[in-house]
Amino acid sequence: MLERLRAEIARRPVGTAIAIAYVALRLIPAVTHAAGITPDSAEYLGGLTLRARPPFVPFVYSLLGNNVRRIAFVQGTGGALCWLALAEAARRLAHTRVAKGFMVATILLIGLCDIVDRWDSAMLSESISISLGALLIACVLFYAQRPRRASLVALLLVAALWALS
């Protein structure tokens, strides 16, 4: 697996640099803004329960020790990776170099918009839900391009997690 990753990095150094810069840009607001605590946050930070909210977000928060800084960092990083996956899936659909660049730039810029990345520091379900939504679209595109059992399993798993967020 690491050999494949190294080969991909060597094959696409510009894309790798863009991905690293994108993750850094997504993390800046997540780690520099104060954690967004609202009255609803207590229901997510209170641990896993099936009563008030869908269970996935409280489960993730409990795995992170309900530490708001750690949660914001993971939400920012996870969000960046999900938007990068969507950009890669869309890039593969395009046929020309210009179209590929346009697809990647457009999707990554949308992922950097304040209305998207502001949720990374909020202790609510929006960040995880938006990120999983982007990843779900990416999984649909990957499956449509190469329908394989592994991509179908990934699609169904992400759909389930998104539905539970």
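The questions below go from the whole chain to single residues.

Modeller: This is a predicted model, in which local features need pLDDT of at least 70 and side-chain atom pairs count only at pLDDT 80 or more, whereas totals for chains, interfaces and linings use all residues. Residues are numbered from 1 along each chain as its sequence is written, and side-chain values use heavy atoms, with hydrogens and water left out.

Colleague: In which helix of the protein chain is confidence highest?
Modeller: Confidence is given as pLDDT, which runs from 0 to 100 for each residue, and the protein chain averages 90, with 95% of the residues scoring at least 70. The lowest mean, 78, belongs to helix α1 (residues 2-11), while the highest, 97, belongs to helix α9 (residues 149-163).

Colleague: How many helices and how many strands does the protein chain have?
Modeller: Both are DSSP runs numbered from the N terminus, a helix being H or I over at least four residues and a strand being E over at least two. Read from the N terminus, the elements run α-α-α-α-α-α-α-α-α, and the count for the protein chain is nine helices and zero strands.

Colleague: What radius of gyration does the protein chain have?
Modeller: The C-alpha atoms fill a box of roughly 50 × 35 × 30 Å along the principal axes. The radius of gyration is taken over C-alpha atoms, and the globule rule is 2.2 Å times the number of residues to the power 0.38. For 165 residues a compact globule would come near 15 Å, and this agrees with the value for the protein chain, 17 Å.

Colleague: Which residue forms a salt bridge with R26?
Modeller: A salt bridge here is a side-chain nitrogen of Lys or Arg within 4 Å of a carboxyl oxygen of Asp or Glu, and by this rule the count comes to five. R26 lies in helix α2 and its partner in the loop between α7 (114-117) and α8 (126-145), 94 residues apart, so the pair links distant parts of the chain. Both residues are buried, meaning under 20% relative accessible area, where exposed is over 50% and partly exposed lies in between (1.4 Å probe, protein chains only). The N to O distance is 2.8 Å, and the partner is D120.

Colleague: How many residues apart are R91 and E88 in helix α5?
Modeller: R91 and E88 form a salt bridge, with their closest N and O atoms 2.8 Å apart, and both residues are buried. Their positions in helix α5 (residues 68-93) are separated by about one helical turn, because they are apart by three residues.

Colleague: Is R118 buried or partly exposed?
Modeller: R118 forms a salt bridge with D114, the closest N and O atoms being 2.9 Å apart. D114 has a relative accessible area of 47% and counts as partly exposed. With a relative accessible area of 42%, R118 is partly exposed.

Colleague: Which residue other than glycine has a positive phi near 55°?
Modeller: Most residues other than glycine have a negative phi. The residue asked about sits in the loop between α4 (56-63) and α5, and it is partly exposed, with a relative accessible area of 30%. The residue with this positive phi is N66.

Technical notes:
pLDDT = per-residue confidence, 0-100.
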